[in-house]
Amino acid sequence: MKHHDPAILAEADAWRSRDLAVLWHPCTQMREHPDTLPLLPVARGEGAWLVGPDGRRTLDAVSSWWVNLFGHAEPRIAGAIARQAHTLEQVILAGCSHMPAVELAERLLALAPRQSGRASLAKVFYADNGSAGVEVALKMAFQWFANRGDEPRRTKFVALENGYHGETVGALSVGDIPLYRRVYAPLLMEAVFAPSPDAYLAADGRSAADQAEDAADALARILDDHAGEICALVLEPRVQCAGGMRMHDPVYLKRARELCDVHGVFLIADEIAVGFGRTGTMFACEQAGVMPDLMCLSKGLTGGFLPLAAVLATDAIYEGFLDDSRERAFLHSHSYTGNPLACAAALATLDIFESDDVLARNRRTAARMAELAAPLAALPHVADVRQAGMIVAIELTEGGRKATPFDRTRRVGLQAYTHALERGVLLRPLGDILYWMPPYCIDDGQLELLADVTRSAIEAATS
Ligand SMILES: Cc1ncc(COP(=O)(O)O)c(C=O)c1O
């Protein structure tokens, strides 16, 4: 086989050495590279495959950090970016306008979740990655109350336990994953954490809906206790992704919406990971018939080609910033706000949703994922197999008992990762939780490979 050619293997090794001489990789203990943690050189992408300099193919089962929708180097998106690059690559969005930004805003607002009796989301503010989008939404909610000027001010956020919203200081403040948060705790702003509706936490005999109702009751108590102090509730609808692909019943979102209304608190839906068809509907909020006041989008927004975020807001929020004074304006900006290339990629992405009937195809793919994942539940160390549309998660514990997670020093997830990589599949477990979050273009043969390698990775890591 081509990738056993010694000259090609040497080239891959030389690549790794050059990389490790100069690069500091994200979310990585660099000391583990390359011996404990392999480093995969990627020369190009093709559909759901990542292709190395040696020609070796690896299945991208995590959509390159959940961004890729229709495959790598998708020609329609690549073409749209190239055309835009020859027309207008970038222009300052303060005081200038360009059509890709306008058209994208129009189309996102037309697609956004609706709720009867509520005025639709009506304005779009761009940022350039997910965390930056979350910062925008938090600052908007905070400043809206500040602009109103009635005292005492609402200055706090409620977020969910086990939630994740990014790594910048504001986004980290409303995240609850100790591994990312702990060291920065002295820098973070104060947030109030409400119990997670996570169905995995339901006690024996309690359903996912019971768990969601219990968590909503707890949220009600928190909002009562902090009446008049909270500007917004921020949450990931349906799936707490970085928190281990933990899923909840949509009834939680319905209750959270009602509670926010009762308390005059904005609801911020962070659809950065779950938006764009990932959980079965275009946006996860739709599954609860709920419209947020602010919705954060990023990741799949550009089909996984370029960094871009969009924050959708109601007119009621927008109007809270209109004033004779500049100080009441939302004076937030990023140099690349609304970059035309990224907007062109996003427009091409929305075109593909329409032309390829993506949501219908995803339903078929998700049904096949369910069939292939079901037998994994019978493995001795599997505690849970769960699914929301194009996300499947397999939680590994000692003996498959929820009460006995594996000792962290065993690094079961890491062993599964390295085993799968050797067999040509890029899984990137969250601790000991393996998950499938593939590009939507994944085909039956690739799904079978994924299931087969997942099974052997679990067996190898837990034996
Ligand atoms: C729900 C959610 N919000 C925000 C972010 C942050 O996005 P970014 O990594 O683009 O900053 C992520 C990233 O994984 C996410 O999953």
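**View 1. Residue classes in the shell around the ligand.** In this predicted model, the shell comprises four nonpolar, five polar and three charged residues. Ala, Val, Leu, Ile, Met, Phe, Trp, Tyr, Cys and Pro count as nonpolar, Asp, Glu, Lys and Arg as charged, and the others, Gly among them, as polar. Among the residues surrounding the ligand are Trp 66, Asn 129, Tyr 164, His 165, Glu 236 and Asp 270, where near means that a heavy atom lies within 4 Å.

View 2. Ligand oxygen atoms lie 2.6 Å from a side-chain N or O atom of Ser 131 and 2.9 Å from one of Lys 299; a polar contact is a pair of N or O atoms within 3.5 Å. The protein buries 83% of the 390 Å² that the ligand exposes when taken alone (Shrake-Rupley method, 1.4 Å probe).

**View 3. Packing of helices α8 and α9.** Helix α8 (residues 208-225) packs against helix α9 (residues 251-263) at about 15 degrees, with the axes 9 Å apart. The two are therefore roughly parallel, a term for angles under 35 degrees. Axes are lines fitted to C-alpha atoms over the stretch in contact, and angles run from 0 to 180 degrees between N-to-C directions. Helices are DSSP runs (H or I) of at least four residues, numbered from the N terminus.

**Notes.** Residues are numbered from 1 along each chain as its sequence is written, and side-chain values use heavy atoms, without hydrogens and water. Local features need pLDDT of at least 70 and side-chain atom pairs pLDDT 80 or more, whereas totals for chains, interfaces and linings use all residues.

Note on methods. A polar contact is a pair of N or O atoms within 3.5 Å; within protein, one must be able to donate a hydrogen and the other to accept it, and residues adjacent in sequence count only if both atoms are side-chain atoms. Angles under 35 degrees count as roughly parallel, over 145 as roughly antiparallel, 65 to 115 as roughly perpendicular and the rest as oblique.
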